[in-house]
Amino acid sequence: MPFENKIALVTGAASGIGKLAAETLARLGAKVLLSDVNDEMGQAVADALNNEGNEVRYVHCNVAVAVAVEKMVASAISFFGKIDICVNNAGVFGKIKIPTHLTEEHVWDQVMNVNAKGVWLSMKYELPHLVAQKSGVIVNIASVAGLGAVPGNVAYCASKHAVIGMTKTAALEYVRYGVRVNAVCPVFTDTPMVHDSIGVDPDYANKLIQTVPMRRLATAREIVDAILFLCSDQSSFITGQALPVDGGMLAI
């Protein structure tokens, strides 16, 4: 099994991409600590995986709160003794179709705190353990919004640009310690978060899909496959990259 004897930490793992990433890593041999703010759904994911014979723990964590992130990472070390793989996936979308000058401060703060600060805090507390063992992989979940513009959602766009910038910076800072840091940049993906944000407006959803040359949403499996590649030894010479999984969108 490609992740046998590996310890993985996955944030935002109660649903969508994070849930599938945690499930797949566990089923491929990893021991997994998963976290979320939705305790009912997060614990259900952990329970289902444990019932299959996997070794999984769930902890509550709001990634925008330093003490919570520190506790989450400490829990992984306490449960499993180390961390090999960190998938920093927790994120929020914010409001759509709101121009920059009408974006409310509380929306900006929420999106930036979870998406940008949350990734920084996660790396802040993960990296010392990876440095100490001189090995490890971090995959941050960014977005095609971090590689271009998203009219009507300035906070989300800014937050994902920040994730890519942090990814590249950390990759160069920690490469000498045997630590790789990359990002995956999904296009609009068939997940509960996307449906909750754009599914309520079919016309808007259709317009977004028309910007993707493949003319459909990505599946969570397609995004997770990219995450697994960057977590695996198959990508051992790749660091500091932002990998688009976008159905050709950025080729236009």
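User: Is Cys231 buried or exposed?
Analyst: Keep in mind that this is a predicted model, so everything here is computed from it. Cys231 has a relative accessible area of 5%. The cut-off for buried is under 20%, so Cys231 is buried.

User: And how far is Cys231 from the nearest cysteine sulfur?
Analyst: A disulfide needs the two sulfur atoms within 2.5 Å. Cys231 is in no disulfide. The nearest cysteine sulfur belongs to Cys86, and the distance is 8.9 Å.

User: What about Cys157, which cysteine sulfur is nearest to that one?
Analyst: Cys157 is buried as well, with 11% relative accessibility. By the 2.5 Å rule, the count of disulfides is zero. Cys157 is in no disulfide, and the nearest sulfur, 12 Å away, is that of Cys185.

User: How many residues line the largest pocket, and how much space lies in it?
Analyst: Nearest the centre of the largest pocket you'll find Gly91, Val92, Phe93, Tyr156 and Met193. As for the space in the largest pocket, that's about 1,000 Å³.

User: Which helix gives the most to the lining of the largest pocket?
Analyst: By class, the lining residues are 28 nonpolar, 13 polar and three charged. Helices α1, α5 (154-174), α6 (192-198) and α7 (202-210) each put in at least two residues. With four residues, the one that gives the most is α6.

User: Let's look at α1, then: how far apart are its end C-alpha atoms?
Analyst: Helix α1 covers residues 16-27, which makes twelve residues. At 1.5 Å a residue, the span should be 16 Å. The model agrees with that, because the end C-alpha atoms of α1 are 17 Å apart.

User: How many of the α1 residues are buried?
Analyst: The buried set has Gly16, Ile17, Gly18, Leu20, Ala21, Ala22, Glu23, Thr24, Leu25 and Ala26. That leaves α1 mostly covered, and the number buried out of twelve is ten.

User: Which residue takes a positive phi just after α1?
Analyst: The place to look is just after the end of the helix, where phi comes to about 110°. The residue with that positive phi is Gly29.

User: Moving on to aromatics, how are the rings of Phe79 and Phe80 arranged?
Analyst: The structure holds three aromatic pairs. In the Phe79 and Phe80 pair, the ring centres are 6.2 Å apart and the planes are at 70°. Planes over 60 degrees apart count as edge-to-face, so Phe79 and Phe80 are edge-to-face.

User: Last one: how far apart in space are Val139 and Leu228?
Analyst: Val139 sits in strand β5 (residues 136-141) and is buried, with a relative accessible area of 0%. In sequence, Val139 and Leu228 are 89 residues apart. In space, C-alpha to C-alpha, Val139 and Leu228 are separated by 9.1 Å.

Note on methods:
Residues are numbered from 1 along each chain as its sequence is written. This is a predicted model: local features need pLDDT of at least 70, side-chain atom pairs count only at pLDDT 80 or more; totals for chains, interfaces and linings use all residues. Side-chain values use heavy atoms; hydrogens and water are left out. Buried means under 20% relative accessible area, exposed over 50%, partly exposed in between (1.4 Å probe, protein chains only). The expected span of a helix is 1.5 Å times one less than its number of residues. On a 1 Å grid over the protein atoms alone, a cavity is a set of points where a 1.4 Å probe fits but cannot get out, and a pocket is an open set with protein on both sides within 12 Å along at least five of seven lines; lining residues have an atom within 4 Å of a point. Grid points are joined across faces, edges and corners, and a volume is the space filled by probe spheres set on the points. Ala, Val, Leu, Ile, Met, Phe, Trp, Tyr, Cys and Pro count as nonpolar, Asp, Glu, Lys and Arg as charged, and the others, Gly among them, as polar. Rings of Phe, Tyr and Trp (its six-membered ring) pair if their centres lie within 6.5 Å; planes under 30 degrees apart count as stacked, over 60 as edge-to-face and the rest as tilted.
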